[in-house]
Amino acid sequence: MIYFDNAATTPIDPAVLIKLKEIESEFYANPSSIHSAGQKSRFIIEKSRDIIAESIGCFSKEIIFSSGGTESNNLAIIGTALANRDKGNHIITTGVEHISVINTIKYLSSIGFNVSYIDVDKNGKIDLDTFQKLMSKETILVSVMMVNNEIGNIFPIQEIGEILKNTEVIFHTDAIQSYGKIDFTVNDLNIDLLSMSAHKIYGPKGVGALFIRSGTKINNLFFGGSQERTLRAGTENLTGIAGFGKAIEQTVVTKNERERIKILRDTFEEKLLSLIPEIIVHCRHSPRIFNLSNIYFPDISIDSLILNLDLEGIACSSGSACSSGSINPSHVLSAMHLPKEHTENSIRFSFGRFNTNDEVDRAVKIISEIHNRLKKE
Ligand SMILES: *Cc1c(COP(=O)(O)O)cnc(C)c1O
């Protein structure tokens with residue numbers, strides 16, 4: 001298989017796998033137990049918390065572990081909206097967020113919050129002037145993702161943070177596609193809440209984290225024990241948390257892979273464009289993460305293309321990974337005002353640590369052959 005779906009999830013890094021096996025076989029005591037076996041488990045969790053805190057330049061006590069990106073987004077958005085309702089009921093976001101943000105904010109809208117959407121144009125550009133005009137005395141929360149998971153464009157988080165800096169408005173960013181790939185600190189970007197997930201960076205599935213700046217008023221969503229400073233009740237995912245920490249340590253070791261993956265992505269696009277000139281690479285000339293490519297294929301059946309790619313062993317994704325299986329038009333491309341054909345006929349290829357030049361060459365050849373065949377149908 002040629003796996004070009006690294007934005008949906010990544011294979012486990014071998015060093016992470018060793019860590020998972022070690023923890024799962026040797027440590028089983030409850031980290032909340034006061035006996036020494038429990039304290040050993042506690043130590044493992046706190047070590048991961050330190051690694052993650054250091055990676056974004058915050059204090060360890062500002063990191064809460066969760067079951068993944070979706071839960072981190074839910075806790076960040078619902079938790080702060082409900083805790084700050086006395087200050088106002090207005091939330092600002094974009095239409096291109098991951099579905100775990102879109103649907104969470106839809107829920108808040110259904111219980112009485114007002115929501116405004118910042119416009120994103122077809123080049124993935126956010127209009128910061130209109131954003132500022134959307135702000136009102138009622139605004140309590142702004143949620144804008146750092147890197148989009150379908151197109152890969154990078155949003156102006158630093159500029160938004162600068163605008164919000166001397167206000168009481170809470171700033172949340174979904175950093176799940178950028179964490180471990182782009183270096184930043186939460187202080188440089190003036191972020192109050194930042195969502196992370198392990199399985200997009202060669203860690204295990206089902207574990208994530210949320211940075212919560214100290215002093216941010218936030219409610220818990222789960223009720224139970226006092227784990228994670230009562231913000232996330234339930235016995236911690238010890239193995240997952242250890243694997244998450246290891247995955248972050250690995251991103252430091254593998255820092256120079258970013259350039260290599262960017263070259264794979266760029267080569268893929270250049271070769272494909274030379275063989276099929278009518279395709280369009282979305283946001284090709286906008287600020288973009290190095291590992292992702294979203295391509296519009298005009299005048300063919302996109303379902304047949306994806307099906308045939310799968311038969312040839314190439315894994316990629318149409319629109320949002322969450323809606324693949326049934327191919328839905330992309331809500332991201334729609335929100336960016338792209339024509340209907342683009343929202344339906346685009347495919348995301350996402351590259352990662354374990355991809356090779358040879359895979360890119362083979363994939364380009366296979367894609368153009370299938371494309372030519374489908375074009376004749
Ligand atoms: C994958 C993803 C999520 C969801 O994370 P899970 O850990 O799968 O719940 C949220 N936001 C973005 C941008 C993502 O890419």
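Strand S2 (63–66) carries side chains on both of its sides: Ile63 and Phe65 point one way, Ile64 and Ser66 point the other way, and all are buried. Here buried means under 20% relative accessible area, exposed means over 50%, and partly exposed lies in between, with a 1.4 Å probe and protein chains only. Strands (E, at least two residues) and helices (H or I, at least four) are DSSP runs, numbered from the N terminus. The model is predicted, so that local features need pLDDT of at least 70 and side-chain atom pairs count only at pLDDT 80 or more, while totals for chains, interfaces and linings use all residues. Residues are numbered from 1 along each chain as its sequence is written, and side-chain values use heavy atoms, with hydrogens and water left out.

S2 and S8 pair in the antiparallel sense over four bridges; two strands are taken to pair if DSSP finds at least two bridges between them. Within this pairing, Ala209 in S8 is the bridge partner of Phe65.

Strand S5 (residues 139–143) and strand S6 (residues 170–174) pair in the parallel sense over three bridges. Val142 has Phe171 in S6 as its bridge partner. Contact means heavy atoms within 4.5 Å.

Helix H1 (residues 14–26) has 13 residues and reaches 18 Å from its first C-alpha to its last, close to the 18 Å expected at 1.5 Å a residue. The expected span is 1.5 Å times one less than the number of residues. Val16, Leu20 and Ile23 are buried in H1. Seen down the axis of H1, the buried residues fall within an arc of 75°, so they line one face of the helix; the arc is that of the directions from the helix axis to the C-beta atoms. What covers these residues includes H2 and helix H7 (238–253). The face turned away from the buried side of H1 carries the exposed residues Ile18, Lys21, Ser25 and Glu26. At the start of H1, a side-chain oxygen of Asp13 reaches to within 2.9 Å of the backbone nitrogen of Ala15.

Ser293 lies in strand S10 (residues 292–296) and, at 0% relative accessibility, counts as buried. A polar contact of 2.6 Å joins its side chain to that of Glu269. A polar contact is a pair of N or O atoms within 3.5 Å; within protein, one must be able to donate a hydrogen and the other to accept it, and residues adjacent in sequence count only if both atoms are side-chain atoms.
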